[in-house]
Amino acid sequence: MKSPNQKKTDRRTLYTQMVIKDALLELNKETAYDKINVTMVCRQAEIARATFYLHFDSLDEVLDSVIDDALLFSESGSGTVVDVLDIIRSGRSDVLRENETVLPADR
């Protein structure tokens, strides 16, 4: 439950976070995760580094958010980390994009 001081997440914030996650997933199709850096994600997402750090503290935090999203849509329905890794490794990030409208707005 939200405390009285918490505000609903702004639509622009949700959009920017989505763009950052999409950029990471796109880069991961061609490049191993451990070879990706913030600069590459910012270029792919067409955002400034300051914008990236306004929304995420690190690439690992972005990946955590992608995994959280993927758990919602694991194909087997079990929602395990193995399912999520299968989605990410197979490059099927479209599963997330197709269902982004049902992602929870509050995190």
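This is a dialogue about reading a predicted model of a protein.

Me: What is the average pLDDT of the protein, and where is confidence lowest and highest?
Reply: The general idea is that pLDDT gives the predictor's confidence in each residue, from 0 to 100. Here the protein averages a pLDDT of 77, and 60% of the residues score at least 70. Confidence is lowest in helix H5 (residues 81–89), where the mean is 58, and highest in helix H2 (residues 38–45), where it is 98. Over residues 102–107 the pLDDT stays under 50, and for this stretch the model has 13 contacts beyond four places in sequence, a contact being heavy atoms within 4.5 Å.

Me: What share of the residues is buried?
Reply: A residue is called buried under 20% relative accessible area, exposed over 50%, and partly exposed in between, with a 1.4 Å probe and protein chains only. Of the 107 residues in the protein, 31% are buried.

Me: Which residues have the most contacts inside the largest nonpolar core?
Reply: A nonpolar core is a set of buried Ala, Val, Leu, Ile, Met, Phe, Trp, Tyr and Cys residues joined through side-chain atoms within 4.5 Å. The largest one here has 15 residues, and those with the most contacts inside it are Ile-20, Val-41, Phe-52 and Leu-59. Helix H1 (11–30), H2 and helix H4 (59–72) each supply at least two residues of this core, and H1 gives the most, with five residues. If residues up to four places away in sequence are not counted, Val-41 touches Ile-20, Ala-23, Leu-24, Leu-27, Ile-36, Phe-52 and Leu-59. By the same rule Phe-52, which is found in helix H3, touches Ile-20, Val-38, Val-41, Cys-42, Ile-47, Ser-58, Leu-59 and Val-62.

Me: At what angle do H1 and H4 pack?
Reply: Two packed helices are described by the angle between their axes and the distance between the axes. The axes are lines fitted to C-alpha atoms, for helices over the stretch in contact, and the angles run from 0 to 180 degrees between N-to-C directions. H1 and H4 pack at an angle of about 95°, with their axes 10 Å apart, and are therefore roughly perpendicular to each other; angles under 35 degrees count as roughly parallel, over 145 as roughly antiparallel, 65 to 115 as roughly perpendicular and the rest as oblique. Where they meet, Ile-20, Lys-21, Leu-24 and Leu-25 in H1 face Leu-59, Val-62, Leu-63, Ser-65, Val-66 and Asp-69 in H4.

Me: Which residues is His-55 in contact with, and how far is Gln-17 from His-55 in space?
Reply: His-55 is found in helix H3 (residues 49–55) and counts as buried because its relative accessibility is 16%. Leaving aside its neighbours within four places in sequence, His-55 is in contact with Thr-13, Thr-16, Gln-17, Ile-20 and Glu-61. Gln-17, placed in helix H1, is 38 residues from His-55 in sequence and 6.6 Å from it in space, C-alpha to C-alpha.

Me: What is the phi of Glu-46?
Reply: Most residues other than glycine have a negative phi. Glu-46, in the loop between H2 and H3, has a positive phi of about 60° although it is not a glycine. Its relative accessibility is 74%, so Glu-46 counts as exposed.

Notes. Residues are numbered from 1 along each chain as its sequence is written. This is a predicted model: local features need pLDDT of at least 70, side-chain atom pairs count only at pLDDT 80 or more; totals for chains, interfaces and linings use all residues. Side-chain values use heavy atoms; hydrogens and water are left out. Helices (H or I, at least four residues) and strands (E, at least two) are DSSP runs, numbered from the N terminus.
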